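I opened this entry to log what I looked up, item by item. The structure comes first.

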Amino acid sequence: KTDLNQRPVSLSCCCSLLYDRIIKVSDNTLQQLNLEKSITVIGSKQEQQALLERLIAWQSPSQGTSHSGKGLFSFAVGGSCANVARTMAAMAEKTCFASAIAADQEGLDLKNMLAELDDFHGYLTTTPGHTGSTLVLVTPDGERTMHAQLGVCSAINQKVFQQMTPDLGESAIFHFCGYQWDAASQQQMIQFALVKSQESGLLISFDLADPGVVQRHHHDFLELLHEVHLVFANELEILELFGDDFERILHQNWSHKLFVIKRGAKDLILCYRGDTLLVPAKKDVAIIDTTGAGDVLAGGFLAGLMKGLDIQKSTEVGVCLASDVITRLGCVLSEQAIKQAYEMTVKMTS
């Protein structure tokens, strides 16, 4: 829709805001913890604490780690939609993000980290309980395996979302992700948000999020495709949803939707209006941690769209940012990459 680029708010979303603890582990450690590689598990705070204590106990005392694990973990803002929103804000696109935190140290840390971002407008409801967090286990190949406990985010509902509904009417894009289907109250909130977004003529963007999530909510996700315009997925997720013949199915049944399919170091696939377009991924990148890479790519892509780029050039902007975020622990972009991506958009639109 041509008027979307003229709207004062580029992106609105309401999702879990999580405190990420990131640690490097071996594949053997994952097996000992009975965690399936590259999959996100949703559990309780007690279960996550038990995993933390086991990891801390396995470390050599000579490493100087404390009982809390400080010095052992890296810390970052987490949550799929939060990562997308932060990326767009970094690209000077106004974003609105609603979520819930608790009045604990993790909630305060998240609030302070988000306050440093220009163009990011956070509506954070402080709720009794504990702030959600994720334990991110990164293996030597850079793959991340996650244990998340949603804390107060499990109760994000329509009331939390409605804090930003005035901004929604001025927004170009509403974005949500598959992880939200693991919380019943967030499911209900998204259904309400989709109605409001459609009434306001927003572009609706959906990220499948994780192969395990797609497996758990396969039928619901197929139904959701009728409500959205744009789908982000990696290859495992799209295979889980459609099977090996996904390109034929997309072109035959879903040609009016845009699918952006990420394939690691292989070329990305764009499926739209019966065509398949390949966009090169960056090769020879030193991969440290893939956490948030898909979110950053989505944020860069959406920022490119808002700056007037076509889908191929928007994908190139997303690739530029994603190839930077995987070179360090946590979903943290470098200033150099942000500058490079922004300059790409200026050059492409000149």
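I am working with a predicted model. I began with the strand order. Five strands make an open sheet, E3-E8-E7-E2-E4, with mixed pairing. I then checked the edges. Strand E3 (40-42) and strand E4 (74-78) sit there with a single partner strand each, so one side of each has no neighbour in the sheet. From one strand to the next, the twist averages 20°.

E3 pairs with strand E8 (residues 144-149) in the parallel sense, over 3 bridges. Ile42 stands opposite Ala148 in E8.

**Helix on the sheet.** I asked which strands helix H4 lies across. H4 (residues 105-115) lies across strand E2 (18-24), E4 and strand E7 (133-138). H4 runs at about 95° to E2.

**Salt bridges.** I searched the whole structure and got 11 salt bridges. I went through some of them.

Glu106 pairs with Arg21, with the closest N and O atoms 2.4 Å apart. Glu106 is in helix H4 and Arg21 in strand E2, 85 residues apart. Are these two residues buried or exposed? I find both Glu106 and Arg21 buried.

Asp27 forms a salt bridge with Lys37, and the closest N and O atoms are 2.9 Å apart. Asp27 belongs to helix H1 (residues 27-32), while Lys37 is in the loop between H1 and E3, 10 residues apart. Asp27 is partly exposed at 34% relative accessible area. Lys37 is partly exposed as well, at 30%. I also noted a network of salt bridges that links Asp27, Lys37 and Asp141.

Lys307 forms a salt bridge with Glu93, the closest N and O atoms being 2.9 Å apart. Lys307 lies in the loop between H12 and H13, and Glu93 in the loop between helix H3 (80-90) and strand E5 (95-101), so the pair ties together parts 214 residues apart in sequence. Glu93 has 9% relative accessibility, so I count Glu93 as buried.

**Helix pair.** The axes of H12 (residues 293-306) and H13 (residues 311-325) come within 7 Å and cross at roughly 145°. The crossing is right-handed. I listed the contact residues. H12 contributes residues including Val296, Gly300, Phe301 and Gly304, and H13 residues including Ile311, Ser314, Gly318 and Leu321.

Key:
Residues numbered from 1 in each chain as written. Predicted model: local features only at pLDDT ≥ 70, side-chain atom pairs only at ≥ 80, totals over all residues. Heavy atoms only, no water. Axes fitted to C-alpha atoms, helices over the stretch in contact; angles between N-to-C directions. Helix = DSSP H or I, 4+ residues; strand = E, 2+ residues; numbered from the N terminus. Left-handed = near helix turned anticlockwise from the far one by under 90°. Contact = heavy atoms within 4.5 Å. Pairing = 2+ DSSP bridges. Salt bridge = Lys/Arg side-chain N within 4 Å of Asp/Glu carboxyl O. Buried < 20%, exposed > 50% of the residue type's maximum accessible area, 1.4 Å probe, protein only.
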